[in-house]
Amino acid sequence: MAVERLFKDEATEEKGERARMASFVGAMAIADLVKTTLGPKGMDKILQSTGRGHSVTVTNDGATILKSLHIDNPAAKVLIDISKVQDDEVGDGTTSVVVLAGELLREAEKLVGSKIHPMTVISGYRMAAECARSALLDRVMDNKDDADKFRLDLMRIAMTTLSSKILSQDKEHFAKLAVDAVMRLKGSTNLESIQIIKKAGGSLKDSFLDEGFILDKKIGLGQPKRIENANILVANTAMDTDKVKIYGARVRVDSMSKVAQIEGAEKEKMREKVQKIIGHGINCFVNRQLIYNFPEELFADAGILAIEHADFDGIERLALVTGGEIASTFDNPESVKLGHCKLIEEIMIGEDRLIHFSGVEMGQACTIVLRGASFHVLDEAERSLHDALCVLSQTVNDSRVLLGGGWPEMVMAKAVDELARKTPGKKSHAIEAFSRALLAIPTTIADNAGLDSAELIAQLRAEHHKEESNAGIDVITGSVGDMAELGISEAFKVKQAVLLSATEAAEMILRVDEIITCAPRRREDRM
Amino acid sequence: MALAFDEYGRPFIILREQESTTRLRGLDAQKANISAGVAVARILRTSLGPKGMDKMLQNPDGDITISNDGATILEQMDVDNQIGKLMVELSRSQDYEIGDGTTGVVVMAGALLEQAERLLERGIHPIRVAEGFEISSRIAVAHLEQIAHKFEFSATDTEQLVQTCMTTLSSKIVKRCKRSLAEIAVKAVMAVADLERKDVNLDLIKVEGKVGRRLEDTELIHGILVDKDMSHPQMPKQIEDAKIAILTCPFEPPKPKTKHKVDIDTVEKFQTLRLQEQKYFDDMIQKCKDVGATLVICQWGFDDEANHLLMHRNLPAVRWVGGVELELIAIATGGRIVPRFQELTPEKLGKAGLVREKAFGTTKDRMLYIEHCANSRAVTIFIRGGNKMMIEETKRSIHDALCVARNLIRNNSIVYGGGAAEISCSIAIEAAADKYPGVEQYAIRAFADALDSVPMALAENSGLQPIETLSAVKSQQIKDNNPCCGIDCNDIGTNDMREQNVFETLIGKQQQMLLATQVVKMILKIDDVISPSEY
């Protein structure tokens, strides 16, 4: 007697071959989706959100594309997750990791089709990944000790990263921006201290790095527009109506005159607070919260520049740049550390007025002002620059560098191929497949550039047969070129993360032989 | 008979709305139940052993779990069938009790049910079958006791523990670095173990995970890891020889639990209230300072003003730390959790050698390490890995390994894995069967056959010929009188599990057999299934 129903309504179960097929198909579909964005000649995608306004994003960034997709296939979700992790961890290579994982699964499908057990494939892949990693480790370059060379490396990495993005036209300009900004961080990976301000108008070339700090705020009415040798107090305090915080306190009076009295007391309290703040000997006051008209007026009277409602990141950055501390109480002015800067002035970018702090004490933070024709361009430029900054900041800590342009893949494929020849047993098929999957990345780069990939890859293989070859694909001329001469570099950390997480994800999906999908939670009809 | 007649011949209803309830009785009910149980077991069967496959589960919210752990799979499976739910419970109780072998117990129960069905077809009464199974399970448990080995371990020599944990981990996705993870698990357990009392409180081991880096970067931290950062961005990021005040009261004005109102009706009152408020914050911080605390860890939030005052007075603080973490910190640092500022005393402060904040990746994720604690009895295992599902699965695997290590400390007997214990029991039961007169004999033999299905599944999953392999191993066990022969899943070339170092805990195995038998007995005793109709 058959079981009538084991699972709840609408829960589905897929077993064995079918489950594996479902995950292969899902994963490959995702990989194919982002495949065309790979490489310097990769194309962008337009994403339209289903939310209100149907806002449109144009992007080339794998993680951004995948994040916005609504996916139902479980295997595809695994790939999206690895892309997201790659973004969080190193910032770049989000497309490559998905493409590589997809290719690994594509090869695995063929192997499983020819009756090789998934576990055998997995153990082959594991060996291959380890071998590929050590091959890369053998060929890394590390210029940490030589400051000039290291800077050159960073420039090259930034240019390589940017070349596949919308900024590729001005990649040299932006690479310089990014490298300068990251060098200022002095090894910290906290990208929050690099502020990116987007202002529509002008062209991308007009973007610039500002050594000081720019706050996207206007100066209050009637307050000085320019302050030299400013003492800045950075605060996070209520400057609207300073409420009594004791729970349950309320005003209860029996006549109008008393209301007026209490209102007066409140005002007095605010006036005292302002007096205390002024007592710090400052000429600029920046608050995270609102400043009401009354205290603002008091500040204006005292000739103090008061800036209200600076966002949280802005406050933190400002405190970092000017060396002051974020204050919330003002009773002991002598011990509060004030921030200093040489000059505060209002500047115009496009038609917006911004506040510019220059000549700051600590040079860690800086601001990059992006200019561009439209918001879409600016958004994409920000993402690209963010990728570059992430990669650079990671490279500063782990200064190992590889060549780019498909070179690492060729090196790995060669080592893996050799391993395949040495390995007895069915595993060697899996190892061979791994090397084919690695080659798919340069192939895709060439295909996306409209080049004859079969011819190019064959040439590359031949080049790499020689020891210590630096050959890679030169997409610009469409031929095989010396990557060291062309100055195309990539960070080792990125490549390693791509290799390892792609293998890990492929392994996870391969191990699955059954998919059980619960019925989706019913949503209440909101209409 | 759902309809009866009283003495006047009027009908009255015993079971309401007959038509709308489905009802299965007698043999049909038993068979339906058995087939449901077997169906659940069949799902898990392919997950058994080092070459077992994983299952991918999508929950109602669309999140994905990929797992090899029987209990996790069954729990997420959304089973509707009543008997199916019993199997889920079975696996869960194995998980609670032992922590490992959750797949094996279900496979075992499934095999027993299959055998029972065959006996029922021959017309043997279910109760007799159940009794036979009960007798056999007792024989099996006693036999396991006989073939079990005790091994010695000490705080310094933990090799055997590591080996046993490795057996557990070898069936999981973390197989690749099972050695290092097993060592981490054993070290963690040894750190918190009370070897005198032979007890381990696993609550003292915190398992924390963060995506990124590689699985190989998983580490054991002798201290506590809190997924929080300093309350004020400008507080120091590293504190040496920290004295920690652990508070469960907020840095906020008091909120009495009874309803109250403070009425302000004059300017003076307004003024005093204001001063009071300021003093209040000052007092709180002064109290922390007075007892000599250099770090404040608080379960609640801080007011902006308090936050600045803390920073100003150079007293770093962490807010919104969860209750469990707070307890762990208290244990690790030897401090006391203080519910009121007035009760702060220098003795109640916890001590830690180093507290530091560490940033990860390109996002602004930061975590707080509390290390070199006064009492090193609380440890954290910090897992890294390529993606979220990987981390989750690693957490589960580590949990299993921890449980195994704990069980070994409680009872240091082991049996051999790879199906060796099952085969040995099967032989013993087969031999004992003939001594029992009556129908139970058949049931006992069936139990022996059911035991064979575990090694069979192992062989099947490893791509070996199940019947051939099993019979070869079985004959070898009898010929050499060696209970260590098992299935050579990893194709190493020997099937002596002693050489392969494949161990399982004795209590784990015994529990598996007892639990499986119990559930099967329960299922067999059901002869009427009444289910309400669909509405």
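Select Lys509(B) to begin: at 4% relative accessibility this residue counts as buried, where buried means under 20% relative accessible area, exposed over 50%, and partly exposed in between (1.4 Å probe, protein chains only). The side chains of Lys509(B) and Glu504(B) meet in a salt bridge, 3.0 Å from N to O. A salt bridge here is a side-chain nitrogen of Lys or Arg within 4 Å of a carboxyl oxygen of Asp or Glu. Side chains of opposite charge can pair when their charged atoms come close.

Before the next stop, note that this is a predicted model, in which local features need pLDDT of at least 70, side-chain atom pairs count only at pLDDT 80 or more, and totals for chains, interfaces and linings use all residues. Residues are numbered from 1 along each chain as its sequence is written, chains are lettered from A and ligands numbered from 1 in the order in which they are written, and side-chain values use heavy atoms, with hydrogens and water left out.

Asp400(B) sits in helix H11 (residues 388-410) of chain B and Lys172(B) in the loop between helix H6 (159-169) and helix H7 (178-192), so the pair ties together parts that are 228 residues apart in sequence. Helices (H or I, at least four residues) and strands (E, at least two) are DSSP runs, numbered from the N terminus. Are these two partners buried or exposed? Both Asp400(B) and Lys172(B) are buried.

Next, move to chain A and select Asp379(A) with Lys198(A). This salt bridge has its closest N and O atoms 3.0 Å apart. Asp379(A) belongs to helix H11 (residues 375-397) of chain A and Lys198(A) to strand E5 (residues 194-200) of chain A, so to speak a link between distant parts of the chain, 181 residues apart. Asp379(A) counts as partly exposed at 28% relative accessibility, and Lys198(A) is partly exposed at 31%.

How many salt bridges does a search of the whole structure find over all chains? The search finds 49.

**A negative patch in chain A**

Select Asp142(A), Asp145(A), Asp146(A) and Asp148(A), which together form a negative surface patch. Patches are made of residues with over 30% relative accessible area and no salt bridge, with like charges joined within 9 Å and nonpolar side chains (Val, Leu, Ile, Met, Phe, Trp, Tyr) within 5 Å. Zoom in on Asp148(A), found in helix H6 (residues 147-163) of chain A. Asp148(A) is exposed, with a relative accessible area of 65%.

Back in chain B, pick Asp241(B) in strand E12 (residues 238-247). Its phi is near 45°, a positive value in a residue other than glycine. Most residues other than glycine have a negative phi. Asp241(B) is exposed, with a relative accessible area of 59%.

Then go to Asn481(B), in the loop between helix H14 (466-480) and helix H15 (497-500) of chain B. What is the phi of Asn481(B) near? The value is near 50°, again positive in a residue other than glycine. Asn481(B) counts as exposed at 67% relative accessibility.

**Around Arg445(B)**

Select Arg445(B) in helix H13 (residues 440-461) of chain B. Arg445(B) counts as partly exposed at 27% relative accessibility. Which residues does Arg445(B) touch, not counting residues up to four places away in sequence? They are Glu430(B), Ala433(B) and Asp434(B), where a contact means heavy atoms within 4.5 Å. Also try Ile429(B): this residue and Arg445(B) are 16 residues apart in sequence and 7.2 Å apart in space, C-alpha to C-alpha.

**Stepping back**

For a last pair, select Gln146(B) in helix H5 (residues 126-147) of chain B. Gln146(B) is exposed, with a relative accessible area of 63%. Draw a line from Gln146(B) to Thr333(B): they are 187 residues apart in sequence and 44 Å apart in space, C-alpha to C-alpha.

Finally, show the whole of chain B. There are 16 helices and 22 strands in this chain, and its C-alpha atoms fill a box of roughly 95 × 75 × 45 Å, taken along the principal axes. Buried residues make up 57% of the 535 residues in chain B.

Methods:
Accessible areas come from the Shrake-Rupley method with a 1.4 Å probe; for residues, only the protein chains shown count as cover. Lys and Arg count as positive and Asp and Glu as negative; His and the chain ends are not counted. The place of a charge is taken as NZ of Lys, CZ of Arg, CG of Asp or CD of Glu.
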